[in-house]
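Thanks for sending this one over.

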Amino acid sequence: MQELHLLWWAVLLGLAQACPEPCDCGEKYGFQIADCAYRDLEAVPPGFPANVTTLSLSANRLPGLPEGAFREVPLLQSLWLAHNEIRTVAAGALASLSHLKSLDLSHNLISDFAWSDLHNLSALQLLKMDSNELTFIPRDAFRSLRALRSLQLNHNRLHTLAEGTFAPLTALSHLQINDNPFDCTCGIVWLKTWALATAVSIPEQDNIACTSPHVLKGTLLSRLPPLPCSAPSVQLSYQPSQDGAELRPGFVLALHCDVDGQPAPQLHWHIQIPSGIVEITSPNVGTDGRALPSTPAASSQPRFQAFANGSLLIPDFGKLEEGTYSCLATNELGSAESSVDVALATPGEGGEDTLGRRFHGKAVEGKGCYTVDNEVQPSGPEDNVVIIYLSRAGNPEAAVAEGVPGQLPPGLLLLGQSLLLLLFLTSF
């Protein structure tokens with residue numbers, strides 16, 4: 001029995017002292033170190049002791065870091081990977097290293113990085129990612145790095161940084177962002193303001209300059225002139241026709257999203273109808289209403305036609321097109337959204353008289369809605385219901401007018417069709 005115990009301890013001791021063949025493992029200054037630098041390695045070798053706290057794989061030929069690359073060394077505190085050929089860091093490659101304090105990925109070719117792995121590295125104090133091919137950093141990339149003291153992002157291909165990117169880094173004292181090709185538009189103005197006000201040391205500020213637009217090329221970020229910038233705003237309006245003509249069954253519904261903002265916002269339509277959700281990046285048709293070559297469409301004339309001027313046309317509008325139509329405008333400073341719920345019902349369906357009395361009551365009070373150039377707009381934020389009655393022959397239905405026979409309550413727009421169109425306007 002005693003011999004078995006000795007054998008068991010010998011096996012454990014051998015495992016504890018195991019080390020990949022190309023590497024040197026040992027203890028120094030109280031740290032368990034595995035040195036695999038300058039070994040011409042093309043992959044992270046297996047077989048590290050589980051108690052390794054410092055691992056150097058610098059100056060090798062690693063092309064990437066796969067998921068679970070460092071699963072064998074969960075106690076790792078320092079990881080050095082500089083001067084490799086790493087292009088991709090896969091999700092899960094670093095996520096298990098919750099004790100990591102220093103990470104050096106500098107002087108690689110990284111363009112694809114699993115930023116979500118950083119969310120698990122809450123002990124990290126040094127992060128070196130300089131001299132790579134990074135073009136984008138998510139706004140929440142550093143959200144868990146409250147212990148981070150030094151961050152190096154210089155010599156990458158970053159064109160912009162989202163506002164608030166560095167806000168979670170409450171312990172940060174050193175930041176390098178020089179030698180990036182910054183696009184000095186409205187989205188970067190916050191960085192100038194933050195850099196001038198922060199106590200964080202930002203060296204080489206003479207090399208933090210604009211690459212574009214052309215008129216600002218070479219301008220230092222610290223000397224960036226004021227730019228005309230504004231967040232998007234939207235106003236969604238309904239036009240039953242372009243010219244006020246009488247409408248017939250299967251009419252063309254026209255929605256117009258009036259967008260403002262600087263730089264010019266990108267317009268997107270989100271349409272929720274009975275058959276599902278339709279997403280459209282505007283425009284998807286040219287001025288002639290035909291699908292653009294770059295837009296996949298089932299026919300040359302899409303069911304929903306989004307024009308570059310903010311208009312959305314729905315030819316042959318019917319029950320299948322009922323639903324919620326939302327326009328979303330986005331630029332570098334934020335987004336804005338406005339929606340309209342469109343429902344069709346034939347005259348005589350339940351709820352018509354109740355809605356009519358509600359509208360007429362608001363009209364008597366001077367509320368409700370009004371029409372201007374075929375646009376129906378609520379008169380106040382509390383009046384979010386617009387009711388439009390449609391008749392068969394172009395004359396008011398008897399049930400429509402609650403006042404003088406043949407007259408419409410103020411604000412009602414009469415169209416030549418036997419339908420009741422309810423528009424619920426909601427702005428966000």
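Which residues line the largest cavity? Before the answer, one reminder: this is a predicted model, and my points below should be read with that in mind.

1. The largest cavity. Its lining is made up of I177, K192, A195, L196, I202, Q205, I208, L221 and S222. Sorted by class, that lining comprises six nonpolar, two polar and one charged residues. The volume of the largest cavity comes to about 70 Å³. Searching the whole structure turns up two cavities of 30 Å³ or more.

2. The aromatic pairs. There are seven aromatic pairs in the structure. One of them joins F113 and W115: the ring centres are 4.7 Å apart and the planes meet at 70°, so this pair counts as edge-to-face, the cut-off for that class being over 60 degrees. Both partners are hidden from solvent: F113 is buried at a relative accessible area of 7%, and W115 is buried at 9%.

3. A pair across the chain. F166 and W194 also pair, this time in a tilted arrangement, with 5.2 Å from centre to centre and 35° between the planes. This pair links distant parts of the chain, as its members are 28 residues apart. F166 sits in the loop between β10 (150-152) and β11 (174-176), while W194 belongs to helix α2 (residues 189-197).

4. What surrounds F166. Setting aside neighbours within four places in sequence, F166 is in contact with F142, L151, L153, L161, L175, I177, W190, L191 and W194.

5. The nonpolar cores. Which residues touch the most other members of the largest nonpolar core? They are F70, F142 and F166, in a core of 60 residues. The largest share of this core, three residues, is contributed by α2. Another core lies apart from it and has 22 residues, including V234, L253, L312 and V340.

Technical notes:
Residues numbered from 1 in each chain as written. Predicted model: local features only at pLDDT ≥ 70, side-chain atom pairs only at ≥ 80, totals over all residues. Heavy atoms only, no water. Phe/Tyr/Trp six-rings, centres within 6.5 Å; stacked < 30°, edge-to-face > 60°. Buried < 20%, exposed > 50% of the residue type's maximum accessible area, 1.4 Å probe, protein only. Helix = DSSP H or I, 4+ residues; strand = E, 2+ residues; numbered from the N terminus. Core = buried A, V, L, I, M, F, W, Y, C linked by side-chain atoms within 4.5 Å. Contact = heavy atoms within 4.5 Å. 1 Å grid on protein atoms, 1.4 Å probe; cavity = no way out; pocket = protein on both sides within 12 Å on 5 of 7 lines; lining within 4 Å. Points joined across faces, edges and corners; volume = space filled by probe spheres on them. Nonpolar A, V, L, I, M, F, W, Y, C, P; charged D, E, K, R; others polar.
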